[in-house]
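Good morning, and thank you for coming.

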Amino acid sequence: MQSNKINSYVNKKLKEISRNNQLRKIHDVQRKPKNQIVINGKNSISFSCNDYLGLSLNRSVIKAAEVATKKFGVGAGASRLVTGNNYLYSLLENKIKKIKKTSACCVFGSGFLANIGVISSLMNKKDLILIDELSHASTFLGSKLSGAFVIQFKHNNVEDLEKQLYKFRNKYNKCLILTEGVFSMDGDISPQDDISVLKKKYSASFMLDDAHGLGVIGDGTGSNSLFKKKPDIDIYLGTLSKAVGSYGGFICGKKNLINFIINRCRSQIYTTGLPPSVLAASIKSLEIIKSNKSLIKKPLESAIFFSKIVGLETPVSPIVPIVLGDENKTLNLSRYLNRNGYLVGAIRPPTVPKGTSRLRVAFNSSHTKFQIKNLANLIKNKLKIYG
Ligand code: PMP
């Protein structure tokens, strides 16, 4: 009889992952207000969360979720097309439409589901996808699932993007340029104005994954609000799980694009709708984001304050990477910070390219100056030792 090939594959891979200091474990964590967390009975301050505005623990957001649960129950029952929409979906989509000043919007189960479903339903093997090399795994997966010819262009490099468009555009039918608003592991922002010019010149479409932009960049409506001339984005993707503090994803675009997605996108059609509590929480959070301009500025202000103390470049988003290169060094620094009461994620391959392992410090509106100063000094002193 043949041996169990999956078991031996799994065992071999785990050994390899471990040898490369890339083994990950999921820890039980209790999150509390003001970035306090409890891991294995130990209190720490978290700098590793994407809840940029602390809205996941906001009292009025929690209240909205409670009211919706009492009124409509815990689950959606089936997919949106099969069982019908809870009207909270329409309220939420209308709210996003207003914030994004777009003609149509469709909420998904998550940003990941939106990326894989939208890209793979729009593109096929006759088409060309040009994707920034540092894009999120879900964007890459969507591109792969589509069967299109996929070219990675150099990170935020419009010259390289144009070179690839010039070389390949004519050989394919449709063409989609994919990039992120704020890069999740680097914290920098894509040149959306220049990409908009190129997409027009080469008859391509432009899809922006702004998971980390909404609620914290520019006027709070997303990273595209930073540009003097509004970028020409065909498909805008956002998530409700980061600054919005809830769960779910969405895309914005023209009415027909959204109608097509509702009819053809498998990760929208064949999955159960979001729980009513989650929809209600997102609606409440977006109201807070829209009305509280000083709140949305805080995460970036904290990132700038921190970077000044450590002696890093001035950041443009609440995500500050400290690239150490080596996996072991990164893990050791993360463990050292942990022993001193701070949780900062050690990001290693395959999440980031080999040789670029890093600490990813993520700031939110409720970090205090005291917490930030302490963390910055711990890191600064260690970096001095590393030289
Ligand atoms: N895009 C980017 C850039 C992300 O960072 C993430 C989440 N880490 C996603 C998409 C997926 O979003 P969600 O968590 O809502 O599935």
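I begin with the ligand: one of its oxygen atoms is 3.2 Å from an N or O atom in the side chain of S241. I call this a polar contact, meaning a pair of N or O atoms within 3.5 Å. A polar side-chain atom of H212 lies 2.7 Å from an oxygen atom of the ligand, and one of D209 lies 2.6 Å from a ligand nitrogen. On its own the ligand has 390 Å² of accessible area, and the protein covers 85% of this; such areas come from the Shrake-Rupley method with a 1.4 Å probe.

Before I continue, please note that this is a predicted model, in which local features need pLDDT of at least 70 and side-chain atom pairs count only at pLDDT 80 or more, while totals for chains, interfaces and linings use all residues. Residues are numbered from 1 along each chain as its sequence is written, and side-chain values use heavy atoms, without hydrogens or water.

Which residues are the closest to the ligand? They are G111, D209, H212, T239 and K242, from a shell of 15 residues, where a residue counts if one of its heavy atoms lies within 4 Å. By class, the shell holds two nonpolar, ten polar and three charged residues; Asp, Glu, Lys and Arg count as charged, Ala, Val, Leu, Ile, Met, Phe, Trp, Tyr, Cys and Pro as nonpolar, and the others, Gly among them, as polar. Helix 5, residues 111–122, gives the most to this shell, with three residues. Helices (H or I, at least four residues) and strands (E, at least two) are DSSP runs, numbered from the N terminus.

I turn to the domains. The assignment, which is of an automatic or database kind, gives domain 1 (22–51 + 293–386) and domain 2 (59–291). Their C-alpha centres lie 26 Å apart. The contact, meaning heavy atoms within 4.5 Å, takes 17 residues from domain 1 and 22 residues from domain 2.

Finally, the backbone. Most residues other than glycine have a negative phi, and most peptide bonds are trans. N21, however, has a positive phi of about 55 degrees, and the peptide bond from P349 to P350 is cis.

Note on methods: A polar contact is a pair of N or O atoms within 3.5 Å; within protein, one must be able to donate a hydrogen and the other to accept it, and residues adjacent in sequence count only if both atoms are side-chain atoms.
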